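Here's a quick briefing to read with the structure open beside you. Take it topic by topic and follow along on screen.

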Amino acid sequence: MSMPRTGTKRAWKLQEYVAHAGNVNCLALGHKSGRVIVSGGDDKKVNLWLVGKPTCIMSLSGHTTPVEAVRFGGTDDSMVIAGSMSGALKIWDLEAAKIVRTLTGHKANIRSLDFHPFGDFVASGSLDTNVKLWDIRRKGCIFTYKGHTDSVNCLRFSPDGRWLASAGEDSLVKLWDLTAGKLLTDFRAHTAAINCVEFHPNEFLLASGSADRTVRFWDLETFKLVSSTDSDSAPVRTIFFHQEGKCLFVGSQDLLKVHGWEPARCYDSLAMGWGKVADAAIAQNQLIGASFNQTNVLVYVVDVKRCHPFAPSQAFVTPTSAAENNNVVAPLDLNSTSKPIAIPTVHHRKSYTGRPPTQSNKDSEVKVETDEETSTADDNDDTESVADIRDPEDYREAFQPKNKKLSRTPPKCPQPFAAPPEDCNGDKDRKGHITRQLSDTMLRSSDVIPTPKHKPVGLNMDDFLPKQAQMMDKPGRGISEEEAMATVLTEHNSMAAVLSTRHKNLQVVRTMWTNRDVRTALDTAITMNDLSVVVDLMSLMCRKDHWWNLDLCALVLTQLTELLQSKYEHYVICGCNAFRIILQNFGTIIKSNISTGSGIGVDISREERQNKCKICYGHITSIRPLLDKKRSGKLGSRFRELVVLMDTLL
């Protein structure tokens, strides 16, 4: 769908700035105004920015570990909540420039947050797999929702405030009824981790975006799948409904798509340069998208009026008789200058003025917290949190406008950002060349070989090309087809021998894996002295927590030092995942057994268990110095998670 040239861009980069002294871990846009950004980083700070302004207007401190989740709240984005690696939550009132509450209770990193639409409540999701509902006034947790088996990546309250949707690394979306205190249903169609979930602003409809590269739409009356997008792009990182519910904006790696759901269709697609986009919001008919890379935050703008289905000259519309004609989409007259035609959505769902009957799912647990079960921080901890106003003028503009207290005075609407002119071909080529240079520089400066998506790990594709190929750029020089084929076949035979040996090793491991005897299979793989086979087997083991025992932990720990120091990203990630399983599932057992005496009498099973725990403990303590050295860099967040988990054991 090509758009007519108008002289200005449909999408452009607005700004890029250094946001923190350390790596940025999270950011969020204010969805009420679309003009404020909050970011959290390794420097333990929470910084606030005005979109389009290069300077930080306020810096909030008080967390003692890196900040990993942030979210705006309140009717006018006047509240901010931030969660840290240690599991602590801090809530600030931006208008008063002071902290409201410090809340603790999670046992691991905070991964997701959301404010209740019109109540003094917040929800938090953690790496500890729990979802907690907090009462800000009572300073405590009032419910703990259990049921996820891995990290909770996203939380959203429904527009009426009665439901809470949680999405996790376990590929599940769970819908909780807050007033009834129970799970309504699980949505299970995704095949990979779910990164984002959003409620339709008006209808009983829920959308979820996943690393399986699809967005799925769910009917909240029937709890059935309505439709799904094609999995033809990168993993979905953020989704956002149009404020009137006309479409869904879907952000992924360097790409923005506009989707409808009844029937499923892609209205528009725009190539973006924002990298791994983290959040998006709409203000003055412009979509603001924000991402982060190392210490920098990047902000992009998209002109929504020039995107389908809102663009007047290229909009598509489903005719009235579409339901009788298999939903055939008829294009409008391209020469028409009429106003954009709304895309009708064929549905019979209720709005949030009513709600469907609840259904409970007893497989998941909702736990009511008591005073003894909830760990909350004292008010004295709040005094340690400081709100440092860096730019008083911008701060007053954002959070203390003069006409805010005059109810009869309409608020001043900020002007849309001016679109820059379109680039000529030379500018595009030059920018592409600069981008490639930056990418090459980053790869050369990294000590970890990234996992490519289009070729096997560790395989240099240039080795298969003739060495004389570089001469073909010179006039009058070249190689014959026979010479090229001979060179390719020579390298091919070597690679084929390597792959054949690896295939035989995997066949042997598979044969040893009888009756799910994982330990024998892993022991065999280790004796082969082929780390690639060990990684293949451990990657499968990491998907099945119930296969693990102390024997297996002791065996895996012997390989972790080599895996965590590998130059291949895939090997390091596999080692981190295995180590996390050991610390989460067996850390308490190991600690209790090494601190327990020999007891009275002879208990062979107890002595064997204590010996295994001592072996595991020895390997774990030897790994700790390695983790401390790798807490920064591309995979630093994974190592920091392991350090936090180890602190409870050592």
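This is a predicted model: local features need pLDDT of at least 70, side-chain atom pairs count only at pLDDT 80 or more; totals for chains, interfaces and linings use all residues.

**Helices α8 and α10**

- Start with α8, which spans residues 569-594, and α10, which covers residues 636-647; the two pack at an angle of about 20 degrees, and their axes sit 10 Å apart.
- Angles under 35 degrees count as roughly parallel, so α8 is roughly parallel to α10.
- As for handedness, α8 and α10 cross in the left-handed sense.
- On the α8 side, the contact is built from Val572, Ile573, Cys576, Asn577, Phe579, Arg580, Leu583 and Gln584.
- Helix α10 answers with Arg638, Phe639, Glu641, Leu642, Leu645 and Met646.
- Sort the residues of this α8 and α10 contact by class and you get nine nonpolar, two polar and three charged.

**Helices α6 and α7**

- Next up are α6 (residues 531-541) and α7 (residues 550-564), which pack at about 125 degrees with their axes 12 Å apart.
- That angle makes α6 oblique to α7.
- The α6 and α7 crossing is left-handed.
- From α6, the residues that meet α7 are Leu531, Val534, Val535, Met538 and Met541.
- Their counterparts in α7 are Leu552, Val556, Gln559, Leu560, Glu562 and Leu563.
- By class, the contact of α6 with α7 comes out as nine nonpolar residues, one polar and one charged.

**The β18-β19-β20-β21 sheet**

- Four strands make up this open sheet, running in the order β18-β19-β20-β21 with antiparallel pairing.
- β18 (194-199) and β21 (224-228) are the edge strands; each has a single partner strand, so one side of each has no neighbour in the sheet.
- From one strand to the next, the twist averages 25 degrees.
- Zoom in on β20 (residues 215-219) and you'll find that this strand pairs with β21 in the antiparallel sense, over four bridges.
- If you want a residue pair to click on, Asp219 has Lys224 in β21 as its bridge partner.

**Cys154**

- Cys154 is part of strand β14, which runs over residues 152-157.
- Is Cys154 buried or exposed? Its relative accessibility is 4%, and buried means under 20%, so Cys154 counts as buried.
- Setting aside neighbours within four places in sequence, Cys154 is in contact with Ser112, Ala165, Ser166, Ala167, Asn195, Cys196 and Val197.
- One of those, Val197, is 43 residues from Cys154 in sequence, yet their C-alpha atoms are 6.5 Å apart in space.

Definitions and conventions: Residues are numbered from 1 along each chain as its sequence is written. Side-chain values use heavy atoms; hydrogens and water are left out. Axes are lines fitted to C-alpha atoms, for helices over the stretch in contact, and angles run from 0 to 180 degrees between N-to-C directions. Angles under 35 degrees count as roughly parallel, over 145 as roughly antiparallel, 65 to 115 as roughly perpendicular and the rest as oblique. A crossing is left-handed if the near helix is turned anticlockwise from the far one by less than a right angle, and right-handed if clockwise. Contact means heavy atoms within 4.5 Å. Ala, Val, Leu, Ile, Met, Phe, Trp, Tyr, Cys and Pro count as nonpolar, Asp, Glu, Lys and Arg as charged, and the others, Gly among them, as polar. Buried means under 20% relative accessible area, exposed over 50%, partly exposed in between (1.4 Å probe, protein chains only). Two strands pair if DSSP finds at least two bridges between them.
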